[in-house]
Amino acid sequence: MLHGTHAADVGISAGASQPCSLWHVKISEPREGFFLVEGPASNWIIVREGDSYLLIDTGYPADTDDVLNSITQLGLEPAKAAAVLITHGHVDHTGGAQHLAEAYGVPVLCSPQELAHVRGEVKHQITLGQVLLRAWRPRAFRWMLHALRAGALKARPAVAANAWTPEQLRELPRSPEALILPGHTPGNTVYLFRTAGVIAVGDSFVTGHPISGRSEPQMLHSMFHYDRDGAVSSLSMLDGVEADLILPGHGPALALPLRDAVSSLQVHHGSVRFS
Ligand SMILES: [Zn+2]
């Protein structure tokens with residue numbers, strides 16, 4: 001068992017035959033059975049209960065081997081995943097989902113409101129043109145290059161995805177509950193594991209990002225949101241939600257009461273600051 005955020009940097013390389021020190025992933029187990037995998041530029045999560053497990057998000061398309069390696073590193077088999085839960089349909093979260101469905105028959109599930117996006121029937125993703133406008137900023141430029149290399153423009157939508165039902169979620173390992181926080185995308189979803197006190201917030205807010213120099217709770221840059229004001233106002237959906245371990249879509253795990261993390265987003269001039 002791995003314990004403590006960043007307790008184990010297992011150094012899984014991108015492509016077993018070509019070890020690469022630049023692009024490795026970190027697996028940590030900040031709470032028993034909850035593994036945060038920090039990929040090259042986005043995270044995915046493995047939630048284990050006995051021999052069964054589920055996956056939350058699947059990295060960029062180019063991260064697919066790393067997703068599979070992270071599963072087998074934990075002694076699990078890709079084909080035995082109970083489900084892949086998607087927080088939202090952006091390419092850095094859905095990259096490996098269609099492969100898991102096709103190659104291993106893993107059900108890919110998302111909120112009903114996000115389904116068309118996850119299936120690629122609609123697009124709510126930042127465009128290359130929007131990124132190029134900001135590419136004079138070195139961090140934005142480096143991130144753009146990485147996103148392009150990671151297959152951002154060549155992604156295969158998860159056409160096999162289906163919408164979950166709350167009853168279906170209850171049957172999954174550790175019985176996740178879903179809350180919809182529209183804004184980052186129309187059907188953006190967080191997954192709460194109430195008994196464990198763990199919440200996977202996707203990109204509702206994050207603790208870091210390649211284009212941000214800060215390592216703390218923060219909103220992604222406003223260019224990443226479908227509805228930036230909605231992303232902020234949706235945070236009120238988290239009022240009264242009890243969790244003390246936050247697993248974000250970008251950045252490290254955060255052991256902090258959820259209410260403190262959300263209120264720390266509001267400290268800048270009484271309103272939320274975007275990275
Ligand atoms: Zn993301």
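Modeller: Let's start with a definition: a residue is buried if 20 or more other C-beta atoms lie within 10 Å of its own. Keep in mind that this is a predicted model.

Biologist: Thanks! Which residues in helix H1 are buried?

Modeller: In H1, residues 64-73, they are Thr64, Asp66, Val67, Asn69, Ser70 and Ile71. Each of these is buried, so each has at least 20 other C-beta atoms within 10 Å. Just after the helix comes Gly75, with a positive phi of about 80 degrees. Across the protein, 47% of the 275 residues count as buried.

Biologist: Why is Thr165 called exposed?

Modeller: Thr165 has 12 other C-beta atoms within 10 Å. The cut-off for exposed is 12 or fewer, so Thr165 qualifies. You will find Thr165 in the loop between strand E8 (162-163) and helix H7 (166-171). Its C-alpha atom is separated by 9.5 Å from that of Ala178, 13 residues apart along the chain.

Biologist: And what makes the largest nonpolar core?

Modeller: That core has 60 residues, and Ile45, Val84 and Ile246 have the most contacts inside it. Because a core takes in buried nonpolar residues joined through C-beta atoms within 7 Å, its members must pass both tests. Leaving aside residues up to four places away in sequence, Ile246 touches Ile199, Val201, Ala253, Leu254, Leu256, Leu258 and Ala261. There is also a second, separate core of ten residues, including Tyr60 and Met144.

Biologist: How do you know that E9 and strand E10 pair?

Modeller: They share four bridges, in the antiparallel sense. Pairing needs at least two bridges, so E9 and E10 meet the rule. Ile180 stands opposite Thr189 in E10. The sheet is open, with four strands in the order E9-E10-E11-E12 and mixed pairing.

Biologist: What makes strand E9 (177-180) and strand E12 (245-248) stand at the edges?

Modeller: Each has a single partner strand, so one side of each is left without a neighbour in the sheet. On average, neighbouring strands of this sheet are turned by 20 degrees against each other, direction ignored.

Biologist: How do you know where to be careful in the model, and which residues have pLDDT under 50?

Modeller: Those are residues 1-23, for which the model has 40 contacts beyond four places in sequence. Where pLDDT is low, the predicted coordinates should not be read in detail. For the protein, the average pLDDT is 86, and 86% of the residues score at least 70.

Key. Residues are numbered from 1 along each chain as its sequence is written. This is a predicted model: local features need pLDDT of at least 70, side-chain atom pairs count only at pLDDT 80 or more; totals for chains, interfaces and linings use all residues. pLDDT is the predictor's confidence in each residue, from 0 to 100. Two residues are in contact if their C-beta atoms, placed from the backbone, lie within 7 Å. Axes are lines fitted to C-alpha atoms, for helices over the stretch in contact, and angles run from 0 to 180 degrees between N-to-C directions.
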